[in-house]
Amino acid sequence: MNPYLDRLQPYPFQKLRELFAGITPSTEYSAINLSIGEPKHATPEFIKQALIANLDGLASYPLTAGVPALRIAIANWIARRYAIPAPDTDTQILPVNGSREALFAFAQTIIDPCFAEPVVISPNPFYQIYEGAALLAGAQPYYLPTLPENGYRMEFSSVPESVLARTQLVYVCSPGNPTGRVMTLDEWRELFALSDRYGFVIAADECYSEIYFDEANPPLGAMQAAHQLGRTDYKNLVVFSSLSKRSNVPGMRSGFVAGDAAIIAKFLLYRTYHGSAMSPSVQMASAAAWDDEAHVVENRRLYAEKFAAVQPMLNSVMSAAMPDAAFYMWVRVPSGDDATFARQLYQDYHVTVLPGSYLARDADGINPGQGFIRIALVAPVADCIAAARRIQQLIIQTS
């Protein structure tokens, strides 16, 4: 067996099940689950119809590179969304089966195990796929804490030169999971300069890019930042995006990678052997989704309605600031013990949230998720309000 498998840690939701083992939640309350970042809004009807209309595609083997219609739809969306020239559809765009599998597979393409002790840098807290991808590629994860004290930013200036010299891949997430923070142009400038100096590749996870609160100010994207800084070849940059959150189709497993043509070519080669082609039917439904923006505006309106109702309620009993974007709230619990708080909330009020320490690793003597909980506002607005009210009650009860 691959010995690297033994280095993988339990997934956060397995830890959550273990935390709740033996608990019978109060029957006085209905169950509300705000722990998993799974979109719950309805899939737009036109996407379903596009899928049905293209079921004949099931009779054909799909191309790993995707059909031209999908690559064109993605390129046009990138150009509209980020106000930059459309990427080359033949060399700079590759459809993938959701950003999760691509983020994992990407490390297997990038990491060169012939170099001693290769490093993969990721934020901390983080999406656990980054860690698993690094470990199974034979690399050493380096956890860069994102803390309230530094505005939840990745402080690359704190990374030792000896680590940067061994770094082959850097995962960034903007808007961030779990903090919802969006990287600034100055941060991108710093990261690109480090990439030029040390030669590492940047994997920019942007699966939450379309969940934001001001229609006039969408989050800055990595390709957009690169273009503004004159990096029109997107050297050493690959962006990962997805329809799951944007269009409420997590079951379609549809996204794309875009950026540096040389890296995309190698990733396509890897994926051709890996058998990672997207279903032709899903490809055509995906093209329809990328071509439409009205349903995405409505999706944002639904999330904004939840935040407008829930954030003031939580902020009245705990520090609960609005994120820059995404559908999470990252809040510090008054007791400082995130796991105990989540366990009692589940036991007394039948509300499930995720302890922040489950999303982070101990590094330099701290766990930067300790004392926080992640609340995913994916449930209907009435349930989100009811959950916020129960959280208020728990805090008042235990204060």
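**Fold, strand pairing and backbone exceptions in a predicted chain**

Leu-302 lies in helix α12, which spans residues 294–315. Helices here are DSSP runs of H or I with at least four residues, strands are runs of E with at least two, and both are numbered from the N terminus. The model is predicted, so local features need pLDDT of at least 70 and side-chain atom pairs count only at pLDDT 80 or more, while totals for chains, interfaces and linings use all residues. Residues are numbered from 1 along each chain as its sequence is written, and side-chain values use heavy atoms, with hydrogens and water left out.

Leu-302 counts as partly exposed, because its relative accessibility is 25%. Buried means under 20% relative accessible area, exposed means over 50%, and partly exposed lies in between (1.4 Å probe, protein chains only). Trp-77 is 225 residues away from Leu-302 along the chain. The C-alpha atoms of Leu-302 and Trp-77 are separated by 22 Å.

The chain holds 14 helices and 12 strands. Its radius of gyration is 21 Å, close to the 21 Å that the globule rule gives for 399 residues, so the chain is as compact as a globular protein of that length. The radius is taken over C-alpha atoms, and the rule is 2.2 Å times the number of residues to the power 0.38. Along the principal axes, the C-alpha atoms fill a box of roughly 60 × 55 × 45 Å. Of the 399 residues, 56% are buried.

Strand pairing was examined next. Two strands pair if DSSP finds at least two bridges between them. β9 and β12 are joined by five bridges, and Arg-332 stands opposite Phe-372. Two bridges join β11 to β12 (residues 372–376). Here Leu-354 faces Arg-374 as its opposite in β12. Five of the five residues of β12 are buried, so this strand is largely enclosed by the rest of the structure. Phe-372, Arg-374 and Ala-376 lie on one side of β12, with Ile-373 and Ile-375 on the other.

In a regular strand the side chains alternate between the two faces of the sheet. Strand β2 (residues 93–96) is covered on both faces, with Ile-93 and Pro-95 buried on one side and Leu-94 and Val-96 buried on the other. Four bridges join β2 to β8 (residues 255–259) in the antiparallel sense. Pro-95 has Phe-256 as its bridge partner in β8.

Strands β5 and β6 run parallel and share five bridges. Leu-169 is bridged to Val-201 of β6. Five of the five residues of β6 (residues 201–205) are buried.

Most residues other than glycine have a negative phi, and most peptide bonds are trans. Several sites depart from this pattern. A cis peptide bond joins Ser-174 and Pro-175, with omega about -5°. Another cis bond joins Asn-177 and Pro-178, with omega about 20°. Pro-175 lies in the loop between β5 (167–173) and α7 (185–198), and Pro-178 is also placed in the loop between β5 and α7.

Ala-83 has a positive phi of about 55°. Its loop runs between α3 (68–82) and β2. At 69% relative accessibility, Ala-83 counts as exposed. His-350 has a positive phi of about 60°. His-350 is found in the loop between α13 (338–349) and β10 (351–352). At 17% relative accessibility, His-350 counts as buried.
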